[in-house]
Amino acid sequence: EASLGVTLFRRGRSGMVAAPAALELAESAREMERASAAISLAATGASEQIGGVVRITASDIVATYLLPPILADLMRDLPEVEIELAPSNTVENLLRRDADIAIRMVRPAQNDLIARQVNTFEMGIYAHSTYLERAGTPDDFEALSGHTLIGYDRSDLILRGFAERGYKVDRSFFRFRCDNQITAFEVLAAGAGIGFAPNALARRYPQLQRILPGIPIGGLPMWLTSHRELRTSRRIRRVSDYLGEKLSELDLR
């Protein structure tokens with residue numbers, strides 16, 4: 001505002017509201033942001049330097065339970081590389097350089113991104129042994145309605161998976177709801193009820209028992225993604241190839 005000499009925001013009791021001048025300038029500001037991001041991408045892509053920072057974003061589960069030993073080996077094998085890890089379940093915008101490499105369970109739709117599937121998270125229905133001793137073990141899908149189900153809050157990932165397989169339920173199906181995958185899993189591991197978890201992660205908890213294996217849950221494909229421009233960067237290419245090799249070797253059945 002001081003630089004332009006105009007009022008861009010009006011301040012009131014309910015917060016700040018964009019003034020007409022801000023709305024007129026918004027698209028030009030977005031064009032400047034896109035141009036700046038394009039310059040940054042092109043410069044990074046043209047870099048032949050091996051050393052430097054690589055920013056990785058991954059889902060909470062992947063960042064917490066899968067990546068730590070891989071990143072420990074990576075930093076040992078590539079000592080010149082600095083790693084920034086951003087655990088997040090939101091789809092980071094690689095086009096804006098929010099991250100150099102993304103590990104996601106959803107294939108990106110943007111044409112400027114390069115994605116390859118490196119593995120698949122096979123899923124199952126689980127409950128703690130103490131919960132099953134207390135509440136009983138359901139023998140079919142309909143019997144689940146009498147149990148405490150653990151699911152997501154605003155995310156419809158599980159609901160869409162059920163719908164694709166012919167099971168019509170809504171969020172009230174879950175008595176406990178939490179969008180943080182780690183928290184939801186730890187509540188499951190604490191014996192609160194029945195939930196859905198990656199098989200590879202559930203195997204680490206001996207007291208978790210898989211139930212209803214006949215209900216097809218399916219798997220979540222794991223995609224390794226980066227911007228097309230960044231594939232010409234030796235540093236980012238080396239890190240991406242390293243991650244792809246190590247992630248593909250994991251037994252996630």
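Where does His147 lie? I looked there before anything else. His147 sits in the loop between α3 (129-135) and β7 (150-151). The model I am reading is predicted.

**Entry: His147**

I checked its accessibility next. His147 has 14% relative accessibility, so it counts as buried. I then listed its contacts, skipping neighbours within four places in sequence. What remains for His147 is Tyr131, Ala135, Gly136, Pro138 and Ile194.

**Entry: aromatic pairs**

I asked how many aromatic pairs the structure holds. The count is 10. I took Tyr65 and Phe185 as one case. Their ring centres are 6.1 Å apart and their planes stand at 65°, so I log the pair as edge-to-face, the cut-off being over 60. Tyr65 belongs to helix α2 (residues 60-77) and Phe185 to helix α5 (residues 181-189). The two are 120 residues apart, and the pair links distant parts of the chain. Tyr65 and Phe185 are both buried.

I also looked up Phe162 and Tyr167. Here the centres are 6.0 Å apart and the planes lie at 80°, so this pair is edge-to-face. Phe162 counts as buried because its relative accessibility is 4%.

**Entry: α2 against α5**

The axes of α2 and α5 come within 8 Å. They cross at roughly 65°. I therefore note α2 and α5 as roughly perpendicular to each other. On the α2 side, the contact is made by Asp60, Ile61, Thr64 and Tyr65. On the α5 side, Gln181, Ile182, Phe185 and Glu186 make it.

**Entry: strand β5**

I turned to strand β5 (residues 101-104) and asked which way its residues point. Ile101 and Ile103 point one way, while Ala102 and Arg104 point the other way. All of them are buried, Arg104 included.

Next I looked up its partners. Strand β3 (residues 52-58) runs parallel to β5, and 3 bridges join them. Thr57 has Ala102 of β5 as its bridge partner. Strand β11 (residues 219-227) pairs with β5 in the antiparallel sense, over 4 bridges. Leu224 in β11 stands opposite Ile103.

**Entry: nonpolar cores**

How many residues does the largest nonpolar core have? I read 38. Val62, Ile103, Met222, Val239 and Leu243 have the most contacts inside this core. The elements giving two or more residues to the core are β3, α2, β5, β6 (113-128), α5, α6 (199-202), β11 and α7 (234-249). The largest share comes from α2, with 9 residues.

Not counting residues up to four places away in sequence, Val62 touches Leu67, Pro68, Ile103, Met105, Phe121 and Met222.

**Entry: Leu212**

I checked backbone angles too. Most residues other than glycine have a negative phi. Leu212 has a positive phi of about 50° although it is not a glycine. I find Leu212 in the loop between β10 (208-211) and β11. Is Leu212 buried or exposed? At 12% relative accessibility, Leu212 counts as buried.

**Entry: hairpin β1 and β2**

Strand β1 (residues 9-12) and strand β2 (residues 15-18) run antiparallel, joined by 4 bridges. Phe9 has Ala18 of β2 as its bridge partner. I record β1 and β2 as a hairpin, with 2 residues between them.

**Entry: Pro206**

Pro206 lies in the loop between α6 and β10. Its relative accessibility is 73%, so Pro206 counts as exposed. I also took a C-alpha distance. Pro206 and Ala189 are 17 residues apart along the chain, and their C-alpha atoms are separated by 9.8 Å.

Conventions
Residues are numbered from 1 along each chain as its sequence is written. This is a predicted model: local features need pLDDT of at least 70, side-chain atom pairs count only at pLDDT 80 or more; totals for chains, interfaces and linings use all residues. Side-chain values use heavy atoms; hydrogens and water are left out. Rings of Phe, Tyr and Trp (its six-membered ring) pair if their centres lie within 6.5 Å; planes under 30 degrees apart count as stacked, over 60 as edge-to-face and the rest as tilted. Buried means under 20% relative accessible area, exposed over 50%, partly exposed in between (1.4 Å probe, protein chains only). Two strands pair if DSSP finds at least two bridges between them. A nonpolar core is a set of buried Ala, Val, Leu, Ile, Met, Phe, Trp, Tyr and Cys residues joined through side-chain atoms within 4.5 Å. Contact means heavy atoms within 4.5 Å. Axes are lines fitted to C-alpha atoms, for helices over the stretch in contact, and angles run from 0 to 180 degrees between N-to-C directions. Angles under 35 degrees count as roughly parallel, over 145 as roughly antiparallel, 65 to 115 as roughly perpendicular and the rest as oblique.
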